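I would like to walk you through one chain, slowly, and I will ask you to keep the model in view while I talk.

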Amino acid sequence: MALSGGGIRSATFSLGILQALSEHRCIAGIDYLSTVSGGSYIGSFFGALFLDPKDRLPSPSSPAKTRGPRRGRPDRASTATA
C-alpha cells in the first residue's frame with residue numbers, strides 16, 4: 001500500500017481509506033507500506049499499531065523515567081552552544 005503526500009489533507013484521506021479497508025477486513029492483505037510527506041503522518045501511526053508494546057515510546061502524559069546519558073552518545077548539556 002502506498003500513502004501519498006499532500007500534507008494533512010492527504011493524511012486525512014489516507015485515514016479514511018484505512019478505515020474502509022478495516023471495515024471490509026482487508027488490512028491483513030497489506031504486506032508493505034510506502035509513505036511520502038503527508039501520507040507519512042498516518043503511515044507512521046498505522047505502523048505503530050503493530051509494534052510490540054514494550055517497543056513503543058511512553059505517552060506524553062506518563063511520567064518520564066530519569067536516566068543518565070546513553071553510552072557513546074553525549075548528553076545535551078555537553079553539546080549545547082552559547
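This is a predicted model: local features need pLDDT of at least 70, side-chain atom pairs count only at pLDDT 80 or more; totals for chains, interfaces and linings use all residues.

I will go from the overall layout to one pair of helices and then to a few single residues.

Residues are numbered from 1 along each chain as its sequence is written, and side-chain values use heavy atoms, with hydrogens and water left out.

The chain has three helices and two strands, and from the N terminus on these elements run β-α-β-α-α. Helices here are DSSP runs of H or I with at least four residues, strands are runs of E with at least two, and both are numbered from the N terminus. Of the 82 residues in the chain, 13% are buried, where buried means under 20% relative accessible area, exposed means over 50%, and partly exposed is what lies in between, with a 1.4 Å probe and protein chains only. If we take the contacts with a separation of 6 or more, 68% of them are between residues 24 or more positions apart, a contact being heavy atoms within 4.5 Å.

Now to helix α2, residues 38-48: which of its residues are buried? They are G38, G39, I42, G43 and F46. These residues cover an arc of only 120° around the axis, which puts them on the same side of α2; the arc is that of the directions from the helix axis to the C-beta atoms. On the other side of α2, Y41 and S44 are exposed. What covers the buried residues includes β1 (2-3), α1 (7-23) and β2 (34-35).

Among those elements I would like to stay with α1. The two helices α1 and α2 pack at an angle of about 40°, with their axes 6 Å apart, where axes are lines fitted to C-alpha atoms, for helices over the stretch in contact, and angles run from 0 to 180 degrees between N-to-C directions. They are therefore oblique to each other, given that angles under 35 degrees count as roughly parallel, over 145 as roughly antiparallel, 65 to 115 as roughly perpendicular and the rest as oblique.

Which residues meet in this contact? From α1 there are G7, I8, S10, A11, S14, L15 and L18, and they meet G38, G39, Y41, I42 and F46 of α2. By class, the contact of α1 with α2 has seven nonpolar, five polar and no charged residues; in this scheme Ala, Val, Leu, Ile, Met, Phe, Trp, Tyr, Cys and Pro count as nonpolar, Asp, Glu, Lys and Arg as charged, and the others, Gly among them, as polar.

G38, in helix α2, is buried, with a relative accessible area of 1%, and, not counting residues up to four places away in sequence, G38 touches S4, G5, G6, G7, S10 and A11. S14, in helix α1, is buried with a relative accessible area of 4%, and under that exclusion of residues up to four places away S14 touches L3 and I42.

F45 belongs to helix α2 and, at 49% relative accessibility, counts as partly exposed. From C-alpha to C-alpha, F45 and L15 are 9.8 Å apart in space, and they are 30 residues apart in sequence.

Finally, the backbone in the loops. R25, in the loop between α1 and β2, has a phi near 55°, a positive value in a residue other than glycine, and R25 is exposed, with a relative accessible area of 77%. S37, in the loop between β2 and α2, has a phi near 50°, again positive in a residue other than glycine, and S37 is exposed at 51%.
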